[in-house]
4 protein chains.
Amino acid sequence: MKSSMQLLLNCDLGESFGAWRMGVDEQVMPFIDQANIACGFHAGDPMVMKHTLQAAKNHNVAVGAHPSYPDLGGFGRRSMTLPAADLIAILQYQIAALVGMANNLGIQVEYVKPHGALYNDMMVNGLIRSAVMQAIAETDRPLAFMMQANGDYETNRSEAKAFGLKVMFEGFADRCYDDRGALVSRAQMGAVHNREKMLAQVTQLMEHGSVTTENGHLMPLHIDSLCVHGDNLAGVESIADIRRLIDQ
Amino acid sequence: MKSSMQLLLNCDLGESFGAWRMGVDEQVMPFIDQANIACGFHAGDPMVMKHTLQAAKNHNVAVGAHPSYPDLGGFGRRSMTLPAADLIAILQYQIAALVGMANNLGIQVEYVKPHGALYNDMMVNGLIRSAVMQAIAETDRPLAFMMQANGDYETNRSEAKAFGLKVMFEGFADRCYDDRGALVSRAQMGAVHNREKMLAQVTQLMEHGSVTTENGHLMPLHIDSLCVHGDNLAGVESIADIRRLIDQ
Amino acid sequence: MKSSMQLLLNCDLGESFGAWRMGVDEQVMPFIDQANIACGFHAGDPMVMKHTLQAAKNHNVAVGAHPSYPDLGGFGRRSMTLPAADLIAILQYQIAALVGMANNLGIQVEYVKPHGALYNDMMVNGLIRSAVMQAIAETDRPLAFMMQANGDYETNRSEAKAFGLKVMFEGFADRCYDDRGALVSRAQMGAVHNREKMLAQVTQLMEHGSVTTENGHLMPLHIDSLCVHGDNLAGVESIADIRRLIDQ
Amino acid sequence: MKSSMQLLLNCDLGESFGAWRMGVDEQVMPFIDQANIACGFHAGDPMVMKHTLQAAKNHNVAVGAHPSYPDLGGFGRRSMTLPAADLIAILQYQIAALVGMANNLGIQVEYVKPHGALYNDMMVNGLIRSAVMQAIAETDRPLAFMMQANGDYETNRSEAKAFGLKVMFEGFADRCYDDRGALVSRAQMGAVHNREKMLAQVTQLMEHGSVTTENGHLMPLHIDSLCVHGDNLAGVESIADIRRLIDQ
């Protein structure tokens, strides 16, 4: 199965805050399809959000909400134990803020992709994943749920279906997968691909819908979108490389 | 002109935060028509907002956004100098968050009433008032702008009209007015009415559309809504008294 | 062994924040020996801290720092995963702020007692406990470390000794203990004693240095200080009762 | 009068926060004498503060507290109206946090220089300046007060003397002065000197204790320290240039 027709590029954007800049959003925008925009709880402030939404509109880039644990000091990278009802309200606040600010600019937010520790926690903890999906499902907009493709398509889709949600699966171009479909920890050697391996992984994902795991096994991995990183100009070069590969 | 038919009661609600309680919202709800709900920047957190919205719905109380300067530590009572574009984005974020969370519960937010120092600053500073009105006008919902009735109806209405906004004028039951239509400072003797004078002021507002100022002058004051205070059970008694007076 | 001579009462105080009040600190102060004062990260702001320090001085109450995870929205009740070095710096900041503000008033802070989720996490996780102890040990003041008495005196004392710290063990008057020396979860029936059982537990702690666990076993529990709760006036009555019992 | 012997260079440092970097502190440290370290209210978090203190110690750079209005979202550049007692407590908290963390590393904090909007407000508003000086005076350490040299030495010194404080006057190398000793607004043409004019101004300050104002007048300006900017590598070059000039 070839998925080259629809493979999208998504990137976390709008992660500046106040006087602090992060990322090279303007350079990234021309190459991506989907902007995951921070909603103020790990990064992004109202001015940054408005500016990023406008930039996404200018570049015809689709917009997703990128909500987080309430953790500005830790950039949302710290796990927090929250009652499910609190987590749901916290996510709905962030989603509502971005959706409303987007509407003001004539933009429809299309999906929700949790950030950082919440994303990681959600991928391994069904209760947290349920809370995230319930938060999205209770929103009065038809927002898709973006999660990591881990091979368990049936489980993931049926879980989401129970909440009435459409799932968008994302994969990673530059990260090595283990045999269970999880990312190899960055702490480990070989966790992050060089340019050549990265492009090979993208090609394999597009042409064969699979990745080669750290142990050399072939694992089917069907994804809708590829997560790329726009932290700096080196990142932008990688994104441009992947864009060219996809557009061929 | 009698305005007794349409005089509404509005109250600032949802001003708890995290573990801290403020106000006796549940006791107030049965007596009021409009709840000004904090949006998280001076008070209110996502859980409090959701709970307050649900309570307003249960009591068939209309909902307004009650946004503030970003000042949790000062409860929005500290003036802050903000570039207009920043203030606008900060207000739109708060409005969007409340509007979206309300929509999730099937509630339409009807108006915006700024809080605390922002409210006071806006009443004396045309640039700040313009920024507030622009923030509301750019919102993709038809939200009214609630401001203090100060006698300058024509100016206020024409300003709002320039932004395409409907104005709702509010007055105060328990506060003494000066001859210019402003509230006498709380620091001054006689600034806050006792029960008898408060009810007399409400009667005068309803029956004659006027107040008697601190100097004994009669000043026309046409209002749409009366601001009442639900900080404690004594406040609730006053609200109940005013409710009975209005409903007679 | 009778410990009635030195059994102290400690209470979490200074947990108001901005416009929000919590606790009846003024009523509690006359009855306690040690005030655990919030340092601004779960509660307490600079004004509240200064006021609480002055009140402690007026009542001749000893002062301890009561630092927390950085979690104002969750009142420090949410566990957070923090690198040890970050947790240490976060604690040292809070301790330094309270120590310095106390010094300005001529008060010496005597000990550190972690708050909420950090306290609970520290009692079951040796790595977090080590980070807490290192944070205290690196402070240029001889601050004691207050922790929960759980029966493992030798382990606890030797751990603290490795960091050069003096330990103060605290117990609870109104909470039922399980056989391992931990508190029975509040979610369980019988977790919180009524007045009679509470006073009996205090008497037993003073006279016999033991508690009777949920299963009726006698467990030795030697404590330096008893944690009492000043959330409301009912709490103050309990504290006054315990004070009278101790002073007999 | 030559002041070349004692002219010091001070720089605002430690203004990163969480995941966000600001400034090139490591590059600046070798060239300066005094580091004004952010205390967590406009920038700086406990980890950044600890790291910056250690770096200052390594480079044998003196340390000053650089406290701010509580305004992380606005980087302390927004004026805020605060009761004097609140401002005093807010400053003392920040000063105490930095002083204590410095003490833990064997460093004595030497002075306090307010940041951003607070600095500007203090220079034009005597009530705010009094609150700042009182905050410092109540601190149990002999901290000097760093303020802008504006020509009113007698007034400034006598004000500070009333609080028992030593003043350190600072000047600016790259900013044009007006005839009253204030900085020409950055919004105006010619407000910021090019390299040549900057070095000429430093030479004139050292050799003649004066500046040439925007209108070409000679104005006496005796300073203890010169404020330099380490935002980026271009800034570091300027600092290195000034360092060489001073050390000649």
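Hi everyone, let's start in chain D, where N60(D) sits in the loop between α2 (46-58) and β3 (62-66). Helices and strands here are DSSP runs, helices being H or I with at least four residues and strands E with at least two, numbered from the N terminus. A bit of housekeeping: this is a predicted model, in which local features need pLDDT of at least 70 and side-chain atom pairs count only at pLDDT 80 or more, while totals for chains, interfaces and linings use all residues. Residues are numbered from 1 along each chain as its sequence is written, chains are lettered from A and ligands numbered from 1 in the order in which they are written, and side-chain values use heavy atoms, with hydrogens and water left out.

N60(D) is not a glycine, yet its phi is positive, at about 60°. Is N60(D) buried or exposed? N60(D) is exposed, with a relative accessible area of 71%. For those words I use these cut-offs: buried is under 20% relative accessible area, exposed is over 50%, and partly exposed is in between, with a 1.4 Å probe and protein chains only.

F75(D), in the loop between β3 and α3 (84-104) of chain D, is another non-glycine residue with a positive phi, near 55°. F75(D) is buried, at 2% relative accessibility.

Now to charges. Side chains of opposite charge can pair when their charged atoms come close. A salt bridge here means a side-chain nitrogen of Lys or Arg within 4 Å of a carboxyl oxygen of Asp or Glu. How many salt bridges are there over all chains? The count by this rule is 44.

Let me pick out a few. E138(A) pairs with K50(B), the closest N and O atoms being 3.2 Å apart. E138(A) belongs to the loop between α5 (126-137) and β5 (144-148) of chain A and K50(B) to helix α2 (residues 46-58) of chain B, so this pair joins two chains. E138(A) itself is partly exposed, at 31% relative accessibility.

Within chain A, D241(A) forms a salt bridge with R195(A), with 2.6 Å between the closest N and O atoms. That pair links distant parts of the chain, 46 residues apart: D241(A) is in helix α8 (residues 233-247) and R195(A) in helix α7 (residues 195-208). D241(A) is buried, at 13% relative accessibility.

In chain B, D247(B) bridges to R243(B) at 3.3 Å. Both are in helix α8 (residues 233-247) of chain B, four residues apart, about one turn of the helix. D247(B) is exposed at 54%, whereas R243(B) is buried at 13%.

Finally, let's look at strand β3 (residues 62-66) of chain A. Five of its five residues are buried. In a regular strand the side chains alternate between the two faces of the sheet. Here A62(A), G64(A) and H66(A) lie on one side and V63(A) and A65(A) on the other, and all are buried.

What about its neighbours? Strands pair if DSSP finds at least two bridges between them. Strand β2 (residues 34-38) of chain A runs parallel to β3(A), joined by five bridges, and Q34(A) stands opposite A62(A). The chain goes from β2(A) through helix α2 (residues 46-58) to β3(A) in a right-handed β-α-β crossover. Right-handed means that, with the strands pointing away from the viewer, the path from the first strand over the helix to the second runs clockwise.

Three bridges join β3(A) to the parallel strand β4 (residues 109-112) of chain A, with G64(A) opposite Y111(A). Together, β3(A), helix α3 (residues 84-104) and β4(A) make a right-handed β-α-β unit. Thanks, everyone!
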